[in-house]
Amino acid sequence: MERRDLLRALASAAALSVLPNEKALAAWSRLATGTATTNGLSDAQMALVRAMADTIIPRTDTPSATDVGVHRFVEVIVSEYAKDEDRTKFLAGLDAIDARARTESSAVFAELSPEARGKMIESLESGSRDVDPAQTYWRLKGLVVHGYFTSEPVMKDVLKVVVMPGKFEGAAPVAIKKRPSDVKVPPSGQEAHAHG
Amino acid sequence: MADTYDYDAIVVGSGMSGGWAAKELTERGLRTLVLEAGGPIDPRIDYVEHVQPWQMHFRGFGDRKALERDQPIQIKCYACDEVGHKFFVNDNDNPYTTPSDAPFNWLRGRQVGGRSIMWGRQVYRWSDLDFEANAKDGHGNDWPIRYTDIAPWYAHVERFIGVSGAQEGLSQLPDGIFQRPMQMTAVEADARPKILKAFNGERVMTIGRVAILTENHNGRLACHYCGACEKGCITLSYFSSVNATLPAARATGNLTLRPHSAVAEVLYDAKKGRARGVRVIDTLTRHEIEYTSRILFLNASTIETVRLLLNSKNAQFPDGLANSSGTLGKYVMDHNFGAGAWGTHPGFKDKRTIGNRPNGVYIARFRNVKSQHPDFLRGYGFQGGAGRSGWDRGQWMPGYGAAFKQSLIDDLGDWGFGATGFGESLPREENRVTIDPEVKDKWGIPAARIEVRWTDNERAMEKDMAKSMAEMLEAAGFKDVHQNEDMNPPGHCIHEMGGARMSKTSKEGVLNKWNQAWDVKNLFITDGSCMASTACQNPSITYMALTARAAAHAAEAMKRNEL
């Protein structure tokens, strides 16, 4: 058990002391069996979030999503920010993504090949965004992109955000940067399918 | 025996107008006490404009649970976010009530500087189209002043606060004294002439006139374009009372500023027919203190000032102090606000912005300027702007992998343009602030009850806003143009006005043309409550100009021993 999980369990023990006995027992048994934690992600759900985050934003000449801790941001949002009903729905949605992966490929998402992960994402993105598990996927993708581009390494080293620019120009020329990464095809075969 | 007073003047409130009252009164030699209900603000400690998302636990989303628990109304304001929320009140400590069918978003801050800390900074002079509106269509009372009365005071304010903007020569939006304007973005600059041409020159888009310095001014530095003014400004580049008027008042040696001082009552001397002073509750100790003065300025903000006067009722004024007219608390207004349109531009992919412009563009009023629109009275202006979508679009854009990531880094995305209308709502007697018979704030002061509803006039105007903005975007070559007809509840524009309006006669309102209470000669009210109509321009500069004008009048009258 990681220290984080231990702290979470201890915190939940304190919270459980004020719950009615029946609910407390049920919650304890879920904790004990490891099928669900308290407010956060189970190990399986965290593995899915990490795999999904790095499939959407892989490591190139710049960091991947998990390199900059996007999965920890997702956990903060799930465990500390989300409303109870939204958390429940989101976690169930993650489970549904893994369930679909198991049905289609006999393995959870995190254990799929890069090609199979890509196929799964294309399938999730091809239908309605308002039904699960696609809805949960889009919610997660939003958090991954937001978490990535608001992280310290990306803001400082990739976007090179200047906090106090000292000037405003409304029609500056766009400098077209040619870098090796612009033409390099990732060896993993994770070509993008951006057509937005 | 000669009367003795603690101070020559007391100013209730240290925000937009209170700071101006303090500056003008102290500079005229009056020993002035400024009372502020909230705590002190120190720019070196409290400003948070440079806090980056990665330094925030929720990356800018805010601590939802705490915000919904403590500030469920305030979080409706965009500026009440993860770090900016500290400049907004705790809604539980500062309750108000509304009828269940008339929601009102009362968005406010209690601190030294008040809402001037996180205001929108847009400043537009009014014209006689505005000061004559009530008289012309019969809604509300005629203003006791016209543009010529206030024009020199607009100039006085502009010279001190520093306003950047462009001269346009429009009769309905008079030019002022401007510093160098900020630049338009590529698509804004492209849209301006196209919109002018498509609508016979009647729809003029100009760069926002904004109380942000583009040149160093009076010890304050030009803007550094970090873009987050509503969280403070360590270089004091935007105007607030903390950044400019209160330091000027302090420099005279005549200022005493007392934070944590909630004014519960204006004390009235029935024999002399004058305001004697105020009863203050120290919000930290809850001790009651009285302060006396020769004159009193109320600058507590529109609804707080009305609440204070209603809570100061006495034997002579059983319906609220200075309310012989019976109009106190009535004719409360806000700008109707929310409808507009947005679209994307297919071109200008080779252009980008550098820096974060804390300003947008303004489209001056064009409805009911030369001809009468069939569906509504009065008019509206638009505020908005254009920029590129950046990496944000990745949150809803299909795709994944290395090229998806690289496109979000390298391709700045489409240009988008959105604008929202700010409309002049009609003054109505039914729209009023009273005192809730039961609810009190944390310090035991009876709370305000706010009852303000929109009418068909505002609703018809909102429909037209959506349509006219969409027309302009289409004329300027935008694609995927969407209209939004949704209007916000009253209060949401944070331009609440009226309730202690100025008037030509003592029967019609609370204040004369000098913002002096008809009934109580040494009482002046120069915050938003004094307004007899709303125009469609952002009101702060008009409060500031009226305050400076009233303070000069009050000081002169004191010299002549008239007060």
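**Close-up views of a predicted two-chain model**

**Figure 1. A strand of chain A pairs with a strand of chain B.** Strand β1 (residues 169–173) of chain A and β9(B) run antiparallel and are joined by 3 bridges. Within this pairing, A172(A) has R352(B) of β9(B) as its bridge partner. The structure shown is a predicted model, with an ipTM of 0.93 and a pTM of 0.91. For chain B, the pLDDT averages 97, and 100% of the residues score at least 70.

**Figure 2. The contact between the chains draws on 46 residues from chain B and 45 residues from chain A.** On the side of chain B that touches chain A, α7 (186–198), β9 (351–354) and α10 (401–410) each supply at least two residues. The most comes from α10(B), which gives 9 residues. Sorted by class, this side of chain B holds 20 nonpolar, 16 polar and 10 charged residues.

**Figure 3. Helix α7 (residues 134–149) of chain A is largely enclosed by the rest of the structure, because 12 of its 16 residues are buried.** The buried residues include T136(A), Y137(A), R139(A), L140(A) and K141(A). Towards the end of the helix, V144(A), V145(A), H146(A), G147(A), Y148(A) and F149(A) are also among them. These buried residues pack against α3 (43–56), α4 (70–81), α5 (84–105), α6 (114–126) and α8 (152–158) of chain A. The end C-alpha atoms of α7(A) are 22 Å apart, in agreement with the 22 Å that its 16 residues should span at 1.5 Å a residue.

**Figure 4. Helix α5(A) has a buried side and a face turned away from it that carries exposed residues.** This helix has 22 residues; from its first C-alpha to its last it reaches 31 Å, close to the 32 Å expected at 1.5 Å a residue. Its buried residues are F90(A), L91(A), L94(A), I97(A), D98(A) and A101(A). They lie on the same side of α5(A) because they cover an arc of only 105° around the axis. Their packing partners are α3, α4, α6 and α7 of chain A. On the face turned away from the buried side, the exposed residues are D84(A), E85(A), T88(A) and T103(A). S106(A) follows the helix and has a positive phi, near 65°.

**Figure 5. Helix α11 (residues 456–475) of chain B is covered in part by strands of chain B.** The helix has 20 residues and a reach of 29 Å from its first C-alpha to its last, close to the expected 28 Å at 1.5 Å a residue. Among its buried residues are N457(B), E458(B), M461(B), E462(B), M465(B) and A466(B). What covers the buried residues includes α7, β8 (336–345), β11 (380–388), β12 (415–423) and β15 (479–484) of chain B. Just after α11(B), G477(B) takes a positive phi of about 90°.

**Figure 6. Strand β6(B) pairs with β5(B) and with β7(B).** Strands β5 (residues 261–269) and β6 (residues 274–282) of chain B run antiparallel, joined by 8 bridges. E265(B) has R279(B) of β6(B) as its bridge partner. The hairpin of these two strands has 4 residues between them, and G273(B) takes a positive phi near 70°. β6(B) also pairs in the antiparallel sense with strand β7 (residues 288–298) of chain B, over 5 bridges. Here V278(B) has Y291(B) of β7(B) as its bridge partner. In the hairpin of β6(B) and β7(B), 5 residues lie between the strands, and R286(B) in the turn has a positive phi of about 65°.

Notes
Residues are numbered from 1 along each chain as its sequence is written. Chains are lettered from A and ligands numbered from 1 in the order in which they are written. This is a predicted model: local features need pLDDT of at least 70, side-chain atom pairs count only at pLDDT 80 or more; totals for chains, interfaces and linings use all residues. The expected span of a helix is 1.5 Å times one less than its number of residues. A residue is buried if 20 or more other C-beta atoms lie within 10 Å of its own, exposed if 12 or fewer, and partly exposed in between; C-beta atoms are placed from the backbone. Two residues are in contact if their C-beta atoms, placed from the backbone, lie within 7 Å. pLDDT is the predictor's confidence in each residue, from 0 to 100. Ala, Val, Leu, Ile, Met, Phe, Trp, Tyr, Cys and Pro count as nonpolar, Asp, Glu, Lys and Arg as charged, and the others, Gly among them, as polar. Two strands pair if DSSP finds at least two bridges between them. The arc is that of the directions from the helix axis to the C-beta atoms.
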